[in-house]
Every structure is written in structure tokens, then in C-alpha cells.
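Q: I would like to learn how to read a structure like this. Can we go feature by feature?

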Amino acid sequence: MHRTLHPESRQKILLGIVLAMFLFFCLGLIKLQLIQHSQLARQSDRNHIRVVPLVPPRGEVTDRTGRTIITNRPSFTVTVIPAEMDDGVPPMSLSWLLGLDTAEISFRVRKNIQSRYLPVPVRRDASDTIIAVLEEQADRFPGVTYLVEQAREYPAGLLTEGFTGYVAEASRENVVRDSSKARQDQYHMLPIDYRLLGRLVGREGLEKQYDLQLRGSEGTIYKEVSAAVQVRGEYESKMEAAVVGPTVEMTIDLDLQAAAVAALDTFCCGAVVALDPRNGEVLALASFPGYDANIFSSVVPESLWQVISADPRHPLLNRPLKGLYPPGSTIKPLTVGAALEEGVIDETTTLRACTGGMPFGNRVFHCWQERGHGSLTAVHAIEQSCDVFMYQLGVKMGVDVLSRYYDKCGFGYKTRIDLPEEAIGNNPNTEYYDTNYGKGKWSKALVLNNSIGQGEVLVTPLQLAQFYCGLANNGVVCRPHLVRRMAYPDGRVTATVPQVSFTLPFSPRTLSLLNEALRLVVQGSGGTARSLRNPQYSLGGKTGTAQNPHGRDHSWFVGIAPLEAPEIVVCAIVENAGHGSEIAAPTVGKIIAKYMELRAERPRVAAASDEEQP
Amino acid sequence: MKPSYLELDWKLIAAALALSLIGIALIMSAQYGTRPDSEPVYFLRQIVWLVIALFVSAAVLRVPLRLFELGAYLFYAFAVLLLILVLLVGSARMGASRWFSFGPINFSPSDLAKLALIVALSRFFAYTKFPPTSKRRLAVSALLAVVPAILVLKQPDLGTSLVFFVILAALWFWSGLSPWYLLVIVSPLAALFAATNEVLLVLYFAVLLGGLFLLRPGLLFAVIAVAANLGSAMITQLVWNRLERYQQLRLEAFLNPATDPRGAGYQIIQSKIAIGSGGFWGKGPFHGSQARLDFLPEQHTDFVFSVLGEEYGLWGALIVLGLFTFILYRSIRIAGRCRSRFISNLVVGTVAVLMFQYLVNVGMTLGLMPVTGLPLPFVSYGGTSLVLCWVIIALIVQAEHHRLDY
């Protein structure tokens, strides 16, 4: 410090460092390339260590009683090794054997290739015959091999497709997404982890939502590979075992699910959602018509794909979550509740008597009952589903007040159910009409439509079921969910804790009045669903008949049972079927009857769900 | 005064060009026959980048160095601003936000910040009146380096943030700080490593105290140095826990590659096999089986030197090492001959960047250094890195041309 270096010597030190680095590297190179050359060359020539991923079978899925919903079965996958194919072109014989044309095979190879030396899957779930031919005439198929993999099996495919979803080969987007996730906890600096290409990943439904868990964690084998990349054996017996994904126990009851699908079976299209209002458990979720999830486990032929996607009944649409319908009269408890809360009416108010219609502006808005309902209080207006009563409430409150209650009851928002996609519906207010029709260019009469759940109001069956769960559970809406617990292979179990989503904007007084009205719909002398009356248990609910411009009315019914302490809310819609009381009400009646029957048979299961009451 | 092209240091330029071309050949080789359709053809892109880099370099040649000197702090402030901006709005990739994306081009401001720090420190050291060991001088210059280093660390990019400290250390040294002093200042870093083993720690402190006794830097300084060392030895565990898992794995794998044959250790093992199997003559262009069979990780970027060692053997590797040594040696000589202290500092700062990346990258592929994601200057695939290298060459060539100016 006191003796500062002369600039010349500083320069010499730096030059010395540069030369020292050169020597240091030279020694390093000499050590590797001359001294250890023969040993390392041998490793390079003969003893490559190939890191081979071990893919565990995906986790299994059961219903709440332990019956299998999704499982695995062994299947053969035909693969090709691009480097070993003549001219890189798949042999014609292969195209004949697999029944895929050469262009299709080449396309699949290009899509899934990770390296020219690694097998690329071209045909999953190949038949035993194909494998037998490959075994016997191996020399006719250069570069073609096969491996045993696990294929997904859905024993009740058609029953459960509404929530299971299916698995398919990972697309480039899947791989990119997963790689960026994996990068955070592993050392993979590759731009994309190409090893994932062509691997099976969840698409749609539960398979997609819980994909990362179901996949388990991949293991690794270190294999010695020759220069020709033939696997020679395992390397120093080093391996990391694969860990199978957890067994997922769903909230679904397969018997109830079967009853729900059976109840829809005679109609064209429809949906059923059954929820436990106490905790948000989804007991059944049916979308009709559906497709068989099993067909996606092997290669979907283009022809079959076209049949499915061209079907006018849209079997791929998941109706409970993505089907958008006007709620019709099922929304009337909301209109009445809003009016009570806003002080527009009280429980004794009778508005202008219903004479079968109400003039507003320059037209008459009809009630469904042409004879008219006469003078009614709020409770009886719901019981008899009087439109004129609702029109008057709508006019008194206005578009925006009503819309605010739709909003607070969860309409226009996702329910946050544990499935990947759901629609949010439509909840029109002044702003909405202004943007769509222009300021002042829309009629105030639209509020009349909204007050009876018609017009531009659109909801999903799940949202409606959720709303009724709130009514049945003292205003508290629990987040709907499909997974009860996951049991990991190491013994760890994670149980889903019920969550409160939101609380309905109704006071206890309003809630008890609305529940009384729902009781009268079935039990009352003028109720629209009197046909469901039943001596064994008490049932409540609300019918709905939603007009739609494309055909006959949609038929709605939401039922609650048993009324003393509600355990199940069932919401059903049958498309283009007619009146709610005639079609949807009996459908829900059958499902609730099944639930009551199961409840008597399986007290243990019912008790188990009681335990989880907070 | 514009440099006349005939008077430029063509030997230096030729060496840099040779390295760049070798890089393109290696990148081509790394992808040869194994490129999935989805991957871009890297060597073609690198050719485009080289053309861009040469144009940028030619442009920098025409910017008077005086302008850098005048605008030094402005440039520095601008670069720091960009670093802050990239943290806020940069496009995140691989869990790190390091880039501004302009369509297909990703611009990483940390490369610009390296230059900005070099320029700012060069100017600071050229004019400061304080003696080399004054606390004021050390503190201000350290602050200049710490600000961008912390911003880059936030991205997070540990390797690059180290480069800022290397620039600082190089310029401290070049502007007169005694090397012993420098060693004491960086000693807390060494204490971090020494603290992993008790015996090593005792030995380390013995050496440190002995050194201080011989150096006699003054009581206060000695006390601070010992305290800093004790402190950093104690926080080793804390620092270790703060590291990302992959960073821990890399360090562990460096100490013992067998601990992690799949991850970082795997890379080191495979890189060593690749280079070693190349022998003296190499396996020949496009015949590296390690590279061919995708055993080598990141062949076109961080491990491009392994491809060289495998396909061109010892003689090929020696040529590249020779070219690097030539460039560094010549640049340091230029720095020593410059009359202007600013220009001289500038050259040493840029040389420090090249030298550090070269040391860390080649050391890593030979298994002599831990794995860090720093590219090999001129050779590795990567646009901004190549442009930065060529800007550095332009600066050094200019410095040589103006070595007699004040």
C-alpha cells in the first residue's frame, strides 16, 4: 500500500495472469486429451450413459365410495427411430401395418421427435396382431420398435366424461409450459424439454386440472448405450425410482351419477349438477349427450373425430360448466329476494293483480298463466311462478339494482370449481346495453325480461345450482369441488377443506321467506311442481321454462332435499323439451329419490360427509 | 480524427474474426443431424448476428473515445435505468426477466450495463484526486459497481452480476491499489468457501492473519478485514440456503461430480468425456459422437468448447486458447501504452470482461470451475454477447490508434 506498484509491473502481473491461464488450460487439456484420452475415449465409444426417463403410470381416480372412475391398463406403443429408417422415410410396410398413411406417420414423427436416435411414438394402443407381426418380421420394418406403456381406461366412460376429461399426447405448448415450471426446481437449461414431446398429458376435465399431481414424478434409469445407441444394460445400477401419482378420491357418487345420466337418457340434450350445499361437494355432474373418453386413449381416427365434432348435439360441450342458458323462472327467488332487501316490498305486499299480462310501453308482457294469478304475496308469487308480479318488481328496482343482485349471487363470475374451463355467463346492466345498443337506444322494458330470467341473462347450470346451495345453506355458498382427498403412495393424504366462496346478499328473514316459497312450489296447493310431492321426505325447489329463439323452451328444475336440513341440491336442464314442471321436475325427482335411497343404504358414507362439517 | 483503416490493429481484428468464424462452425456442428424441426438453425442466425456485430463495431470505431469520456456518467445512469426497467417490464423467460423483446430480437441490458460500468469507472479513476487506498475512493467506486450488480442479481443472474465485481477489482488494481490490498478486500469471498470445512477454515485464517501481519495496512483496516472474514464465514450457511437449488447442485457437482450425475454433474462428466475422447487430433468435423448423440448439454452456447475439444482435439483447442491469449495479451500491452488514463482504464475494464468469461467458461468445460451460464466470448451462440465482444474489440482498436492522445 505504501509501496504502490509501478505501472509497468502492474502490466506484467496482468500479462502473467493471461499466460498462467493459458498454461492452466493447457494442463487441463493435456490431462483430459492425452493422459486420460484412452479411458475417456472408451467411455465415449462404448459406455455412453443414456439418461432414460421412467414414466410412472398416472394416478387412479375413484368415486367417494372407492369405486374406480379412471384406471390404467398396459398397452403397446409402436415407435420408430428416425436415424435407423432408410432415408429417414418410414417404410411403406409400416403404413400398411398400422393403417396410417405415410404422410400421417411422417407428420407424427416430425411432431414428436426429440432426437434422431430416440424412439418416437407413432401409434399408441396398437393391437396384439400388430405387435405379433412386428415381432415375427422385424427385418421388414427397419427402425421400428414398440414399447409397453400404460393407457388410460375409463370403465364408465360415457357416464363420467363430463368431468374426467381425457389424456392426449403433449403438444408443443404443453411442453413449453411444463418446461418453464420444471426449470424453477431443476437444472434443465434446455430451451424446451423435448423429452416431454409425445408424452401423455391431461386434456380437459380432471385429467387436465390435476395433471401435474396425477402424472407423479418421473424417475430415471442410467443406461449404457453403444455407439449405435443400443441399450447395453443399466449403469452402475443407479436409478431414481418413479413415483406414481396419488389416488384421487372424488366427491362424485357413481350411483347418483348413473341415475343422473339415466334420467337424461330419453331426451336430446341436457345437464345435471348435484351439489352438497353444506360443503360444495359435487355429487353428480352430467352432460348429455357425451362421448366415450376411452376413444382418446388410442389414436382417434379422423373419421370418428369428424363424426363427433359434426354432431349437432355437441357432445364435446361440457354443458354444466360451459352451457349458457337463460335461467327462466328459476331466477325468481333472486328477484323477490332483491326486492325484499331493497325495501320495494315486504312479505305482505300484494302488487297489482295478475290478469294474465301487463301493459308496459306500447306492448303487453304476458304471464305464462293466461287466466292470470290474481292478487299474490311474494311467497305465493314464487310458488305459482307469477310473471306479472316479477315484472312489477323489475320496474320498481330498475335494471342496475337487479343486475347488482345477480352479481352478488355469483352470476357473471366463475364458480372456481376445480375443472379447467367454465363460462361466466352474462349479467346485463346499463353499461352493457349502452355498449351493445348505444346510449338511450334500448327500451326500459328489458328489465321485465331480466326479472323473469329471460332476455340476455345467461347462466350455467353450475352457477344456478350454486345459487340454490346458498339458499339452502343459510346464505353461505361453498366453493364447488370434485376432489375429496388425494392419497399419495408415501402414505401422505391431503383432504380438500371446504371453502366459503361468498355469502348471498339476503338477510335471514328474506332467506327463510324464500325457502318457504321453495317449499310451497312442491308442497303448496298452487305449486308448479306439485307432482313431486312425496310422503317419505320433504322436497323443495323451483321450476323454470326458458324461452329460446332456436326452438322449444328449455326445461329447468332445481330441487333441494330434505328441506329440514338440506343435503343435496340438484339442478337439471333439458334442452328444447318444454315446460319445467313437466320434464325437468320429474328428472330431478328421480335423482333425489336415488339419493335418498342411497342415503338409507349407506349411512356410513352420509355420516362421513357430516364429519367434515366445520 | 477518424482512424484511417490502414492504421488499424488488423492482427487483433483478425484474431477476433477467426474466433467468431470458428464459433459459427462449432455451432453448426453442434446442431448437425440432431436438430428437431422446431428448433431454429442456430448457425445461420449466428452468421446474421456476426454481420450485425461487425456493423456495430465499425460504427463504434467512428465514435470518438472523448465522447465516451464526456458522457460516461450519463451512459451509466441510462444503463442502470434500463436494468430497473427490465425488471419491471422485461419479458420473463426461464423464470428470469433479462430481456427486452423487440419482435424476434431480445435485447439484454446487462451487457450494455457492463460497458457502462467500465466507462464510468474508467472516468472516475482517471480523475479522482484521492489516493488508491482512501476510503472515499474505494466506497464510491464500489457503489458504482454494486448498483448494477444487485439489479442484475435480482433478474436473477448470478454469473453476470459477478462480472461487475470483476470489472471493479480489475480497475482498482489498474489504478494503483496494491494487489495484496485487493486480496484482503476479496478475502471475505474466499472465507465463504473456506467455511465449508473446519480444517480449511483454521488454515485460511492463519494465512489471512499472517498476510495482514506482513502487509501492516493499519489497525483499523486489519480489524475490519478480520471482522468481515469472520462475518462471511458465519453467514456461509445463510448464503447457501439463499441460493437457488440449481446453484447449490452446480456447486456440489463441481466439488464432486458423482453426486449429481443427472444434473450439473452430468454436464461436467459428459463435457470431460467429450473433450477427452477427442484426443490429440479430434474426431473430425461433424463426427463428435458426444455432440451427435445429444449427450452434451447446451452445446451451442455454454458448452461449445466441448464440441471443439471433441471434434478438433488438442490442436484445435490450443489454437482457440492461443487466439484468446493473443487477444488478451495484445490488449493489455495496448492498455499499458495508452497515455490517456481514461483510455487505458477502458481497455483494462473490457479486457477484464473477456478474460473472466473466457476463464470461467473454458474452466467449466474442463471441469476446473463450477458451472455458470457465462458464454465463451466470440464463440458461443448468442447475439448480444457477440455484439458486446465486437464493441469491445472496436474500443481496444481505437485505444491503440489513439494511444498517444491525452
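Predicted model: local features only at pLDDT ≥ 70, side-chain atom pairs only at ≥ 80, totals over all residues.

Q: Where is Arg73(A) found, and what does Arg73(A) touch?

A: Arg73(A) lies in strand 3 of chain A, residues 68-80. Leaving out residues up to four places away in sequence, Arg73(A) touches Ala151(A) and Glu153(A). The C-alpha atoms of Arg73(A) and Gln150(A) are 5.4 Å apart, although 77 residues separate the two along the chain.

Q: How many helices and strands are in chain A?

A: Chain A holds 22 helices and 21 strands. Of its 614 residues, 45% count as buried. Now take contacts with a separation of 6 or more in chain A: 72% of them join residues 24 or more positions apart.

Q: What span is expected for helix 1 of chain A, at 1.5 Å a residue?

A: The expected span is 42 Å for the 29 residues of helix 1 of chain A. From first C-alpha to last, this helix reaches 40 Å, close to that value. Its buried residues are Arg10(A), Leu14(A), Val18(A), Phe25(A), Gly28(A), Leu29(A), Leu32(A) and Gln33(A).

Q: At what angle do helix 1 of chain A and helix 14 of chain B pack?

A: Read the angle and the axis distance together. Helix 1 (residues 7-35) of chain A and helix 14 (residues 304-337) of chain B pack at about 175°, with axes 10 Å apart. An angle over 145 degrees counts as roughly antiparallel, so these two helices are roughly antiparallel to each other.

Q: Which residues meet there?

A: From helix 1 of chain A, they include Leu14(A), Val18(A), Phe25(A) and Leu29(A). From helix 14 of chain B, they include Gly313(B), Ala317(B), Leu321(B) and Tyr329(B). By class, this contact has 15 nonpolar, six polar and no charged residues.

Q: Where does helix 10 of chain B bend?

A: Helix 10 of chain B bends by about 45° at Thr236(B).

Q: Which residues of helix 10 of chain B are buried?

A: They are Ala225(B), Asn229(B), Ser232(B) and Ala233(B). What covers them includes helix 8 (179-194) and helix 9 (198-215) of chain B.

How values were computed. Residues numbered from 1 in each chain as written. Chains lettered and ligands numbered in written order. Axes fitted to C-alpha atoms, helices over the stretch in contact; angles between N-to-C directions. Helix = DSSP H or I, 4+ residues; strand = E, 2+ residues; numbered from the N terminus. Parallel < 35°, antiparallel > 145°, perpendicular 65-115°, else oblique. Contact = placed C-beta atoms within 7 Å. Nonpolar A, V, L, I, M, F, W, Y, C, P; charged D, E, K, R; others polar. Bend = angle between axes of the 7 residues up to and from the residue. Buried ≥ 20, exposed ≤ 12 C-beta atoms within 10 Å, placed from the backbone. Expected span 1.5 Å × (residues − 1).
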